[in-house]
Amino acid sequence: MGSVVGKNSLGVVRRWPELPQVAAVVVMFAFFWIMTAAKGTTPFSGANVANSLNYFGEYGLFALALGITMILGEFDISTLGTFALGGMIAVKVGSTNPWLGAVVAVACCSAFGLGQGYIIAKFRMNSMTLTVGGYLITLGLCGAINKNVQGNGNANIPPFLQKEILTIFSPMSLFVFAIFIVAGVALKYTSMGRKFLAMGGARKSSRAIGLPVNRYVTVTFGLSAALASLSGVLYSYTTATSLVDPGLTPFLFAVTAVLIGGVSLSGGRGAPFGIACGALSLSFLYGAFQTTAATPDISDTVYGLLLLIVAIWSAPSLKEWLGSIAAHPIFRSDKENKVAA
Amino acid sequence: MTVITPTAESSTSIASFVRKISLVQIAAVAVAAVLIIFGAITNNFFSLSTFQGILNTSGIIAIVAIGVTFMTLSGNLFTLSASVTVLVLGQAFLEIVHFGPFPAILIILLLGAIIFGLQGWLVGRLGANVIIISVAAGFLQQGVAEYLSGSNPSILAPAGVTSYLWMRNTYGGILFSVWAMFGVVILGELFLRRTVAGRQIYLVGENRAAARTAGINVKRITIIAFVAAGICIAFAATLEAAYTQNAYSQGSYTFDAIVAILIGGTSVLGGKGSLIRTMFGALVVSYLSQMMVMRGYNTPTRVFVEGLLLFGVVVVMQLNDRGRS
Amino acid sequence: MVTESVLRAEGVVKHYGPVKALQGVSFDLRRGEVHALLGHNGAGKSTLVKTLTGSVQLDEGQIFLDGQAVSISSPSEAQSNGIAWVDQELTLIPNLSIEDNIALGGMESTFLAQRKQHRPRVKQLLEQIGLGHLSPTQEVGTLSIGERQLLEITRAFGRNSKIVILDEPTATLSDFEIERVFAAIREVTAEGVSVIYVSHRLEEIIQICDRATIMRDGQVVTTQEISGLDKSALVNLMVGQLPEFAEVQSIAKEGGNGDFSITNLSINNFVQDVTFGAKGGEIFGLAGQLGSGASLILRALAGLEPKSSGRVVLSGKQFRLGSTLRSRKAGVYFVSNDRKGEGLFLTFTNSRNLTATRLPILAKASIISRSVLKKSAETLMQLAGVDKSRRTMTVDSLSGGNQQKIFIGRNLNHPKMKLLLLDEPTRGVDVKGRAEIHQLIREASASGIGVIFSSTELDEIMELSDIIGVMHKGKLVNVEMRGQTNAAKVFNEMVRESEIEGVKA
């Protein structure tokens, strides 16, 4: 279970493929620590860390949703819609019983995801194209429910989800950790997980050795919708709001977390552990910016640079490019060129 | 030894015409029919003012979408930061428009070309992923813009400068941005069809490996496609800023452009499609929303229907492609 | 030897469109034997294998397993019937470990991956094929091509199948690795597994196989015990009546602009120190089996192999390898063996395909006029010998032969071309198309450019080349004028037989 960063063109990091992800968490936590300490507050006072982990709780499952489709070599843009739709349904249906709201939200979104996944698998569609349609459909549904259904978020939910456990955790963040662990174990230790990775890494070979690719694709899109909607439910319950249009922010968090997490866009690489690391490190970054009240120009520039580094580091032709610079006649003094000249 | 049998070739023209009708054409006719029928049963829909409205709301979106189409055609999907670039360059335009509209436009176009050219270099030369690069570029542009504008996030049109206001006027009931859209489509199509680089964009998009083997400079073509995209998006930014007279909120151009491209039927994998298709995609979306507004539907329903239409279009395109091979 | 038949095919017929790939083939396989399937490319071996593995459906005929008539409609059905195979195209998953790949190939599927329980079995399989030094947890993507091939073979053996089909299993292997494959084959056949062994390498066949079925033109020539045959007899059976190759007068121009010389060309640590050259107007044929390095040489010259070194001089000018753009600038044009992957723009029209490589020379100040394009495309269609009325049809609607003509045609009459490289120019093309394509190549050569082509087909090498270079395992083993050699000799060099006596040329 390597990663983009572990298997990139520079060929660094073989022993412990998840090292870069763990390092990212450590670095971000250190950054968070320094920023908070510089601000004069106690970094480990609990409230600060717990605050950061709340970001993880709200967006972590979104990242996992996107991540599993990417490990399978697909890309689910509609997760942005199911995130909003899940939160909306939960808030509307769950005004009297929040648990019911959550269940209905996840069930509806999974059904949608399965349908979308079925079309993608059946017609061998490009998932990035179709899920733009899925995004619009779910976003439309979300707005329609908002307009036509009465109901407000249950005020009892947020304190419960954010109740302090062991100073820094909350039921929400622990729940999200638990799901990551389940997903990680499933991917690493079951034969289904093995088949899943095979299909993500080599779709054609997987079909050739008779793996049920279509079934896995369908189910994965169902799962990604379920996870994204669950993320939306948690977001809505903790913030006691329902979003008609979440904008791109959660999506960008998820994409960034997944890529820092070592998932390759071409599929077959990455694991929930890495995605969790990516989401955690971003959460600390968010936390650092929040506690220091950083201006958006600084935070945006930092996110941008971070992504740029990830993109360049994982670029397949980076090594070739560096090599071609080194091989450029300017840097060479051997005879061959003199002959040519 | 051909797949097309001699009988097929020598058959009557009607029969061969029927055989040539593709699923896409049937679907296109069906969609057009539905749109026209619903338009006809909508009160006052077929009126000059409605159509002016449809055109006027689609000009800037279409130009952004046309820009992104260059990337799509070259096999580089799309950008996820078109909205940011429109906003940031719009701000910049209002800041410098007192130099006079034409120098200002030229500078903005140049900036757009540079911003996208750099992204094109990263994608074309290093093989970096276009989605990540475009998101990163979006954050960076936003960061830089926020830094430059300081504590003042909203930038208003400079007071007393009127030299560029012709960019927001209507001519014959049609906004300047719509005429500009037609201009961009014509120039863009000429570039794609009549120049070496333009035709090579299609070749690279259709089969990158083949283009490379055929000795086409794939990296250069990728950068050219990005630069073309940057110029179009920058132009849209000047139009947007001139029209709204302020620049402080991002529009939804990123997704609107993708929707227009996909509904127009340009293949997201590259090589197939055109700028005209994208323009029609934008016009269909605008027609649809105008019609639904007049029939009393709210925004969410419009978005939902747009999504269904997009689902239909991409599935039909895919079935058509599979049917051919 | 037990003579019980585990698999029998009777009267198998398979058409691909108008082409008859199999014309009533009958074949039987006994328990515990190694059965060679021999024949030229296009003789029908692959098609026969595909019908047995369920990847193509036979049009007529019947297949029996253990005497029972069966229909094998899919690869997974073949597997559940106890047939395993190793394709020329590997089906390993690069991002998974060795043990996971072996587990995926098996039909057993438990909920938990049970890697620990399977590890002893995996180790045993690795030992058996000589990969004992590898850890079962190592990722397959980190293995060499040869190691992957061995892994693929041992995975097939590990499936507890009754029948294992090996298609060119040794093409990418070293002598030592081949020995390991043979040892593994002997082990499994001793346990009663039957092996179908498809190969060109006669020495190996004599060494490992019990019987051989020789195919030619979609028919079985004969099935014989190997012990009654020697190499020369096999060669004669395979080659059949050697056709008389008409002397085609080559038009060598002294100092034509296609003179080239290649010195000490090395690629990927596989092709080593290859040196050859020819004059413009001469056709240089690189003969060699799959994996011999012949096709690698062409790819390197086209700039597609980054790890290549050597001195290449074309028309008096040296150029550096490793970039398609540099090669193209030097005047090198390449026709890949992968027509669909890196050749044609399949959903584009013939016209667009034909002009794809010459847009800059058709343009005036970067602007292209439609009439110039049309005229150029029409001229090229005529040259390529494809009907002009098909100009606006898409390439994927043409037959394989016509597609290939378009592919080659786009390089014809090219003012900047000095060296034309063709990798397997007639792969998947029928006899008529093949003759026409050969004519195209001769005409191109006659204009004074240099031509190098590679082929695994003896006939093609003998028909088309003026000079024949034979590649074997990364080395250029011999270069001779066509007039000074003969088919049997070239064939022997390709398969590396030392001396075969009594073979008629």
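Author: Welcome! A residue is buried if 20 or more other C-beta atoms lie within 10 Å of its own. Keep in mind that this is a predicted model.

Reader: Is M417(C) buried or exposed?

Author: Let's count its surroundings. M417(C) has 21 C-beta neighbours inside 10 Å, and the cut-off for a buried residue is 20 or more. M417(C) therefore counts as buried.

Reader: Which residues does M417(C) touch, not counting residues up to four places away in sequence?

Author: First find M417(C) in the chain: M417(C) sits in the loop between helix 15 (400–409) and strand 17 (419–423) of chain C. Leaving out residues up to four places away in sequence, the residues it touches are G331(C), Y333(C), N411(C) and I449(C).

Reader: How far apart in space are M417(C) and H35(C), C-alpha to C-alpha?

Author: Along the sequence, 382 residues separate M417(C) and H35(C). In space, going from C-alpha to C-alpha, the distance is 47 Å.

Reader: How far apart are the C-alpha centres of domain 1 and domain 3 of chain C?

Author: Chain C is divided into domain 1 (5–239), domain 2 (246–331 + 416–497) and domain 3 (344–414). Between the C-alpha centres of domain 1 of chain C and domain 3 of chain C, the distance is 41 Å.

Reader: Which helix gives the largest share of the side of chain C that touches chain A?

Author: The contact takes 21 residues from chain C and 20 residues from chain A. On the chain C side, helix 2 (75–80) and helix 3 (98–105) each supply at least two residues. The largest share, four residues, comes from helix 3 of chain C.

Reader: Are helix 7 and helix 12 of chain A roughly parallel or roughly antiparallel to each other?

Author: Helix 7 (residues 171–189) and helix 12 (residues 272–291) of chain A pack with their axes 8 Å apart, at an angle of about 150 degrees. Angles over 145 degrees fall in one class, so helix 7 of chain A and helix 12 of chain A are roughly antiparallel.

Reader: How many nonpolar residues are in the contact of helix 7 of chain A with helix 12 of chain A?

Author: From helix 7 of chain A come F180(A), A183(A), G184(A) and L187(A), which meet P272(A), F273(A) and A276(A) in helix 12 of chain A. One residue of this contact is polar and none is charged, while the number of nonpolar residues is six.

Reader: What is the average pLDDT of chain A?

Author: In chain A, pLDDT stays under 50 over residues 1–13 and also over residues 334–341. Where pLDDT is low, the predicted coordinates should not be read in detail. Still, 87% of the residues of chain A score at least 70, and the chain's average is 84.

Definitions and conventions
Residues numbered from 1 in each chain as written. Chains lettered and ligands numbered in written order. Predicted model: local features only at pLDDT ≥ 70, side-chain atom pairs only at ≥ 80, totals over all residues. Contact = placed C-beta atoms within 7 Å. Buried ≥ 20, exposed ≤ 12 C-beta atoms within 10 Å, placed from the backbone. Domains from an automatic or database assignment. Axes fitted to C-alpha atoms, helices over the stretch in contact; angles between N-to-C directions. Parallel < 35°, antiparallel > 145°, perpendicular 65-115°, else oblique. Nonpolar A, V, L, I, M, F, W, Y, C, P; charged D, E, K, R; others polar. pLDDT = per-residue confidence, 0-100.
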